[in-house]
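Biologist: I have a structure here that I'd like to go through with you. Could you take me through it step by step?
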Amino acid sequence: MASEWWCAWRNFCLALIQLHVSAAKSENLRRACGLVREASAKGAKVVALPECFNSPYGTQYFKEYAEKIPGESTQKLSEVAKECSIYLVGGSIPEEEGGKLYNTCAVFGPDGAMLAKHRKVHLFDINVPGKIQFKESETLSPGNSFSMFDTPYCKVGLGICYDIRFAEMAQVYGQKGCQLLIYPGAFNLTTGPAHWELLQRGRGEVIAKAGAEETVLYTDIDLKKLAEIRQQIPILSQKRCDLYGTEMKKLKWKRMRGSQSSLFFPSSEQPQIRTESSTAERFHQNLFLYMSERDT
């Protein structure tokens with residue numbers, strides 16, 4: 001049955017749009033839709049826009065450019081997806097709902113219907129002394145769910161930019177049957193060169209790459225190759241979820257009964273330094289995110 005499922009998948013052309021964003025929302029929308037049409041004309045069946053494609057990227061802009069969904073920008077995306085009969089991953093836009101702002105990706109199918117809406121789960125807060133300080137959390141609220149959509153080719157999982165740093169998120173999508181993960185991004189030129197490609201290579205081979213210019217990347221997605229790699233290195237079937245779950249229950253119980261200093265280590269194995277941001281604490285938080293999703 002598994003082999004029949006793999007063989008049923010078809011290869012397809014994926015287009016990634018890299019857009020020069022200006023302060024004029026209407027112009028951003030016009031040029032984005034024009035590049036979507038260009039990608040479709042060249043055979044792309046799935047097209048993805050970048051993060052914050054309709055707005056300058058900055059905490060000072062999010063409130064000004066924020067929209068409801070559905071709204072002006074998502075209406076344009078719906079129309080061009082239907083016009084071109086493609087699956088369109090709408091990068092992301094600043095979204096307003098209930099007095100809160102989110103960094104949100106909307107996906108549309110060939111009939112123009114919205115298939116998924118993903119709010120950025122991990123907000124980008126960074127402080128590089130002497131270079132850059134930026135905190136999305138000053139204005140944005142995080143999303144709290146995973147988002148997927150189906151195509152005739154494969155199931156797709158969604159993230160936005162900084163979400164890619166968290167391997168547990170990709171693991172959840174893998175467990176849920178996703179064969180393709182799309183993370184629209186807008187990394188800056190300080191952290192981007194140091195991390196973006198490295199994080200991509202951590203997930204697989206880089207098969208297409210652009211510079212800093214506005215362009216459209218095209219590549220054929222070979223799902224048969226993915227199946228072969230998963231069969232050769234069957235990581236998903238080798239996971240010891242029974243063990244992870246047992247250990248997580250122990251950690252949660254210790255947290256309820258004792259201080260954080262006794263959460264991860266027996267009293268005889270206390271480390272010399274314990275802080276809120278220690279590696280063990282981050283590991284616990286990330287692993288709990290993964291396991292709690294599996295338990296639901």
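Biologist: Where is Ser-55 found?
Modeller: Ser-55 lies in the loop between strand 2 and helix 3 (59-65), where helices (H or I, at least four residues) and strands (E, at least two) are DSSP runs, numbered from the N terminus. This is a predicted model, in which local features need pLDDT of at least 70 and side-chain atom pairs count only at pLDDT 80 or more, while totals for chains, interfaces and linings use all residues. Residues are numbered from 1 along each chain as its sequence is written, and side-chain values use heavy atoms, with hydrogens and water left out.

Biologist: Why does Ser-55 count as buried?
Modeller: Ser-55 counts as buried because its relative accessibility is 1%, and buried means under 20% relative accessible area, exposed over 50%, and partly exposed in between (1.4 Å probe, protein chains only).

Biologist: And which residues does Ser-55 touch?
Modeller: Not counting residues up to four places away in sequence, Ser-55 touches Val-21, Asn-28, Tyr-61, Tyr-65 and Pro-94, with contact meaning heavy atoms within 4.5 Å.

Biologist: Switching to cores, how many residues has the largest nonpolar core?
Modeller: The largest nonpolar core has 27 residues, and Val-107 and Phe-149 are among those with the most contacts inside it; such a core is a set of buried Ala, Val, Leu, Ile, Met, Phe, Trp, Tyr and Cys residues joined through side-chain atoms within 4.5 Å. Elements that give two or more residues to this core include strand 1 (12-18), strand 5 (100-108) and strand 8. There is also a second, separate core of 25 residues, which includes Cys-13, Ala-39, Phe-53 and Val-80.

Biologist: What does Val-107 contact?
Modeller: Leaving aside neighbours within four places in sequence, the contacts of Val-107 include Leu-88, Val-89, Met-114, Phe-149 and Leu-158.

Biologist: How many bridges join strand 7 to strand 8?
Modeller: Strand 7 (residues 125-128) and strand 8 run antiparallel and are joined by 4 bridges, and two strands pair if DSSP finds at least two bridges between them.
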